[in-house]
Amino acid sequence: MTATSAVSQEILNPHLCIEGRRRLQGVLKVSGAKNSALVLMTAGLLTDETVELTNVPNLTDISGMGRILSALGVEVHHSGDSVVLNAANLTSHEPPYELVNSLRASFFCIGSLLGRLGQARVPLPGGCRIGARPVVEHIRGLKALGALVSVEHGIVTASVKGSRKRLTGAPIVLDCPSVGATETLLMAAVLADGTTTIENAAQEPEVQDLANLLSQMGADISGAGGPVITIQGVERLHGVRNYPVIPDRIEAGTFLLAAAITRSPIRVEPVTPEHLSAVLQKLRDCGCQLEIDHRGISITPGDIQAVDITTQPFPGFPTDLQAPFMALMTTAKGTSVISEKIYENRLQHVAELQRMGASIRVEGSTAIVEGVSQLSSAPVTGSDLRAAAAMVLAGLAANGTTKVSGLKHLDRGYDNVEEKLNAVGANLKRQQS
Ligand code: UD1
């Protein structure tokens, strides 16, 4: 964004006006997973043939990743829910700082650039409101694969010695099961010489989606989705047509919570239920009936009771649904203890929920939420993507009209949210001032 447009955004303060307390009814459609699509796009760097992804969500983060890949010389065609990539003529191994800084996942392209070209210069991703978010595990793993890595003036420079510029497979044990590090190393290892094992790997469905795409491109990977991934390096990868991104489990979870907080029966589809097991269990525990079939989930909320949650790596309760779940708990009967264990600063939505009448006490990284009988509307701001989603949910349940600002965050991760919610009976209006 230019300085002028940033200023005008601020003056205009785009926001959503949400009329609360409406009953919802019908089917909420889930888009493709943002966190998968972003990383699958960087996998397109690994081949000189065409990679076509479908079921790609329409989000500002996706267009941002498209711009980053274009800056590297990738041909990117985005139309509807399809993204077609061709990296036959890469012209750069250095994504520009201004673009990487606003999109953390773009750092993960360091793995595919190294695998394909044997060199990469990638700016460190900027800090983030929810926590420090280091990339030491990514760098440690790349070094284990034989890369020479230095970090100077905020830029990570990595290269591979030797005339073939090829990484060498190696055993890697991650200190923590970082999603991004697992994905970066997976992309680096598929074209390496020999066998790589990643122990204590992240088990998130998005890692499995990446491994599936890479396998369709000719990679030799086993164990993805479990704690140990084994990669046998191959000489080259080929293109893929029509690879569908998995459904977004976080968007699906947010929609189930929208049903619960409005006490409305709703159907959410498509969903892969195993991707949401921990969340579905908590929804049942707090009094929702769920009917699950191969395409989706029908939820019938009852009298919502307080339950406790602790965020954990997959298959535990996802940190990305902590804020939306807290919004639900502000309206539950009883006291809920919500512990954030992944990010050190991810309770910023508490103050905003309090402005809407929620009763919440924070002790360190734990929020103690006493349910209230009714939230009341207020002007509120979502300080990050999932905090913004929590504000939308609270607005759906509150008395009166809630004004939610911070839409630049919401638009990073929720495809057409007002259109989707309005189609099931909500009343959300986007306004500019
Ligand atoms: C991904 C998701 C994000 C989600 C997060 C955790 C994408 C694009 N984003 O982010 O939505 O919230 O997983 O589920 O997929 N850590 C270290 N050292 C490292 C790397 C990470 O200590 O080198 C720590 C982080 O500080 C954090 C935890 O590991 O506490 C999880 O981070 P990580 O899994 O790396 O998150 P991302 O891949 O950035």
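This is a predicted model: local features need pLDDT of at least 70, side-chain atom pairs count only at pLDDT 80 or more; totals for chains, interfaces and linings use all residues.

Me: How do I put a size on the interface, and what is the buried area between domain 1 and domain 2?

Reply: Interface size is often given as the accessible area lost when the parts come together. Here about 1800 Å² is buried between domain 1 and domain 2, with carbon and sulfur atoms giving 48% of that. On the domain 1 side, Phe314, Tyr343 and Arg412 lose the most area to domain 2, together 30% of what that side buries. Counted by residues, 22 from domain 1 are in contact with 18 from domain 2.

Me: How many salt bridges and how many residue pairs in polar contact does the rule find across that interface?

Reply: For salt bridges, you look for oppositely charged side chains that meet, and with the 4 Å cut-off the rule finds two between domain 1 and domain 2. Look at Arg249 and Glu206, whose side chains form a salt bridge at 2.8 Å, N to O. Polar contacts across the interface of domain 1 and domain 2 come to seven residue pairs.

Me: Which helices each supply at least two residues of the domain 1 side that touches domain 2?

Reply: Helix 13 (385–397) and helix 14 (407–413) each do that. Helix 14 gives the largest share of that side, three residues. Sorted by class, the side of domain 1 that touches domain 2 has six nonpolar, six polar and ten charged residues.

Me: On to the ligand: how many residues surround it, and which are the closest?

Reply: Begin with the neighbours, then look for polar atoms facing the ligand. Of 19 surrounding residues, the closest are Arg104, Ser178, Gly180, Asp320 and Ile342. Asp320 places a polar side-chain atom 2.7 Å from a ligand oxygen. Backbone atoms take part too: a backbone N or O atom of Val179 lies 2.7 Å from an oxygen of the ligand, and a polar backbone atom of Glu137 is 2.8 Å from a ligand oxygen.

Me: What's the salt-bridge count by this rule, and which parts does the Lys34 pair tie together?

Reply: The count comes to 22 salt bridges. In one of them, Lys34 pairs with Asp61, the closest N and O atoms being 3.7 Å apart. Lys34 sits in helix 2 (residues 34–43) and Asp61 in helix 3 (residues 60–71), so this pair ties together parts that are 27 residues apart in sequence.

Me: Last topic, the backbone. Which residues do the cis peptide bonds join?

Reply: Check omega, residue by residue. The bond from Glu269 to Pro270 is cis, with omega near -5°, and Pro270 is in the loop between strand 14 (266–269) and helix 10 (277–285). Another cis peptide bond joins Phe314 and Pro315, where omega is about 10°. Pro315 belongs to the loop between strand 17 (309–310) and helix 11 (322–329).

Key: Residues are numbered from 1 along each chain as its sequence is written. Side-chain values use heavy atoms; hydrogens and water are left out. Contact means heavy atoms within 4.5 Å. Buried area is the accessible area (1.4 Å probe) that two parts lose on being put together, summed over both. A polar contact is a pair of N or O atoms within 3.5 Å; within protein, one must be able to donate a hydrogen and the other to accept it, and residues adjacent in sequence count only if both atoms are side-chain atoms. Helices (H or I, at least four residues) and strands (E, at least two) are DSSP runs, numbered from the N terminus. Ala, Val, Leu, Ile, Met, Phe, Trp, Tyr, Cys and Pro count as nonpolar, Asp, Glu, Lys and Arg as charged, and the others, Gly among them, as polar. A residue is near a molecule or strand if one of its heavy atoms lies within 4 Å of it.
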